[in-house]
Amino acid sequence: MTRTPVAGADVCVVGAGPAGTIVADRLAASGHEVVVLDAGPRFDPDDRLRRQERSIRPSFSRPDVWDGDADRDAYTSSGEKGYPLNHARVKGVGGSTLHWQGMVMRLHEDDFNSRSERGVGVDWPIDYADLRPQYAEAERELGVSGASDNPFAPPREEPHPMAAFPPSYSDSLFAEACEELEIAMHSVPNARNSESRNGRSACVGYGTCQPVCPSGAKYDATVHAEAAERRGATVIDRAPVQRLEHGLDSVEAAVYATPDGERHRQEADAFVVACGGVETPRLLLLSESEHYPDGLANSSGLVGKCFMDHLFAGMGGRLGEPTRQNHVGFLTSESHQFYDDADETVGPFKLEFFNYAGPSPVEMALTGDDWGDDLLERLRANYGDHVGVGALVEQLPSEDNYVTLDESRTDDHGNPVPEIHWSLDDRMRRTIERANEIQRSILEELGADITWQVGSENTGPAYHHMGTTRMGTNPDDSVVTPQLRTHDLENCWLAGSSVFPTGGAMNPTLTIAALAIRAAEAIDASL
Amino acid sequence: MELTRRDATIALAALGTGGAAAAGLRATRERDEPPDRLDDDAVVSAMVALAEVLYPSELSGIEPFVETFVTERLEREGHGEALRATATDLNELAAAWHDAAIAELSPAAREELLREAGADIADEAPDGTTAERVRYFVINELLMALYTSPTGGELVGIENPQGHPGGTDTYQRGPPS
């Protein structure tokens, strides 16, 4: 394919994940000439079964499933807690939605006002009400299967586009225990078709949602990349942007490399950086200049600062009776009951009731030194009666957690790699302990023999990169405006979870999509 | 419990086959592959013989299942050539250590061969040592075919095993009474 710049482009979008492709699709629909540059490849949809096989076979790691490249994706992890960046992202058209779980809930109202309502963190410059119309649009764009049965969710004006997936058999077991404990369970909004919609299949139950959906029932951003192309946008893959050339007030061109070793300049009237919570600040920092010696759009000094993720807390065990796990790879029940109890000492968290607790028989079969009857005996002994409850926990923004450039290492184009400096805070630890406490009460009520726990000592990230180019009204303490335009440059927008001032404890992609729609409206108005 | 050709077709639908390019690949293979490489019929026979020790004894219908599955997997670009080469290497070990082709060995000798090759304790690796390749292209190939199929899943108690597009009903059902 040709990877030469598009003449006369109105908009150049960097990054073909959900934020970038939604912006591109919207602006192309408005008649603008749009070009999208992505560092990774365009994946052949016909290869998805092979990728599924990689996800099952033990010789392939998670980054292998989507052709991770250690030189291209090199990074450094520093700080108290190691960060497995390349397990947390996919580079290519579709971005990390290619391997995501697909859970899409709105942030709660208090999440937009953490400082005011919980006494910690910062307030967003917008409220839930400001984003509510775009949330509804985002649910239509992604195709969300959900129900209005969550008594703790923020108000909504219309049903989800598709019916929720019904609860699982194991949900029914949990429901009895939760009823005793007066814990309300409810459905999960999934960006996964519960029925055929817009040319995409209904879910057929491959059970490998993370990291690959062969049927295409799970939303990924190739949907919007292809939609944008149908409207006339140009998507150029394997075109990593090296820097943004700029003057004092505006970006002039994105300089990108191509596989043939060439470099090109893509000029445009407006630029949208949508590379995720790590690569977006990295590109800005790589684009330093005499005007912006600390990095482009970094007058506040906050580019790369306040890196956040959600933390996982979990517990599970064995029930001694069939629980019917691993038939599907998604969740059908959660509880947000404790979410809005959050204050300065304990953060918000949500509970997730697993449909894939314990080992998958086929994955077990491919490891071990047995076969024949011995193997079958092992599989039967280890599959079938597992239960598990997970939780996502908020991490507060802190300048102690950051993404910067590691000048001592370079990637395959000679650029300093991103350094992730990540640590945990006491509120988060207390929140994990609180989630564990409730998880234990549920499992004990259920009668399970608890066999594992993920607590504050062994917690890990949920792969939601947030906070590194914060949104705000004051240029001194934020990087972008409430419309996601950089304070410093009049034609440069940042889209994605890097603009979240706080993260709440909800999976971020629906909010990413809603904000992308909001940004597209602002960009359209500016052109 | 009986395996069928249909089970193999279902497993192939989940794991992928050679696809439209298969016929062209076969023509290329016939020209380029070493002359001492096992032909496809011999590979299938060897895989059937090995499946008879790798699969649980309560299964019947192994031969048509493996025949259907392996014949298609041999057509898969890259994978087929490596499977053929690995089966040839294992067959040479069988000849050297047991004076017979894999398909002619007793079940006990077939199992012994896999262990002598070190494939029982090797980690699978498609580009690895002989033991690692036997683990990948022979043992795990056959185990994956079985345990992603509904019949293989039912042996363990799951009608819709991971990798099989068995719909969204079974996860809602309770255990069979």
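Colleague: How many residues does chain A give to the contact with chain B?

Modeller: In this predicted model, a residue belongs to the contact when heavy atoms lie within 4.5 Å. On that basis chain B gives 52 residues. The number from chain A is 45 residues.

Colleague: What share of the area buried between chain B and chain A comes from carbon and sulfur atoms?

Modeller: The size of an interface is often given as the accessible area lost when the parts come together. Here the area buried between the two chains is about 4100 Å². Of the part that chain B buries against chain A, B:Val156, B:Gln162 and B:Tyr171 supply 20%, more than any other three residues. For the buried area between both chains, the share from carbon and sulfur atoms is 54%.

Colleague: Which residue of chain A forms a salt bridge with B:Glu124?

Modeller: Between chain B and chain A there are six salt bridges, and the count of residue pairs in polar contact is 27. A salt bridge requires a side-chain nitrogen of Lys or Arg within 4 Å of a carboxyl oxygen of Asp or Glu. For B:Glu124 the closest N and O atoms are 2.7 Å apart, and the partner is A:Arg57.

Colleague: Which element gives the most to the side of chain B that touches chain A?

Modeller: The elements that give two or more residues to this side are α1 (5-15), α3 (40-54), α6 (107-116), α7 (130-147) and α8 (150-156) of chain B. By class, the side has 24 nonpolar, 16 polar and twelve charged residues. With eight residues, the element that gives the most is α7(B).

Colleague: Where does A:Asp67, the salt-bridge partner of A:Arg54, lie?

Modeller: Over all chains the structure holds 46 salt bridges. In the pair of A:Arg54 and A:Asp67, the closest N and O atoms are 2.8 Å apart. The pair links distant parts of the chain, 13 residues apart, with A:Arg54 in helix α2 (residues 48-56) of chain A. A:Asp67 lies in the loop between α3 (62-65) and β3 (76-78) of chain A.

Colleague: Which element supplies the largest share of the lining of the second largest pocket?

Modeller: This pocket holds about 540 Å³ of space and is lined by 29 residues, with A:Arg200, A:Thr222, A:Val223, A:His224 and A:Glu226 nearest its centre. The lining divides into nine nonpolar, seven polar and 13 charged residues. Both α5 (128-142) and α7 (222-230) of chain A supply at least two residues. The largest share, six residues, comes from α7(A).

Note on methods. Residues are numbered from 1 along each chain as its sequence is written. Chains are lettered from A and ligands numbered from 1 in the order in which they are written. This is a predicted model: local features need pLDDT of at least 70, side-chain atom pairs count only at pLDDT 80 or more; totals for chains, interfaces and linings use all residues. Side-chain values use heavy atoms; hydrogens and water are left out. On a 1 Å grid over the protein atoms alone, a cavity is a set of points where a 1.4 Å probe fits but cannot get out, and a pocket is an open set with protein on both sides within 12 Å along at least five of seven lines; lining residues have an atom within 4 Å of a point. Grid points are joined across faces, edges and corners, and a volume is the space filled by probe spheres set on the points. Helices (H or I, at least four residues) and strands (E, at least two) are DSSP runs, numbered from the N terminus. Ala, Val, Leu, Ile, Met, Phe, Trp, Tyr, Cys and Pro count as nonpolar, Asp, Glu, Lys and Arg as charged, and the others, Gly among them, as polar. Buried area is the accessible area (1.4 Å probe) that two parts lose on being put together, summed over both. A polar contact is a pair of N or O atoms within 3.5 Å; within protein, one must be able to donate a hydrogen and the other to accept it, and residues adjacent in sequence count only if both atoms are side-chain atoms.
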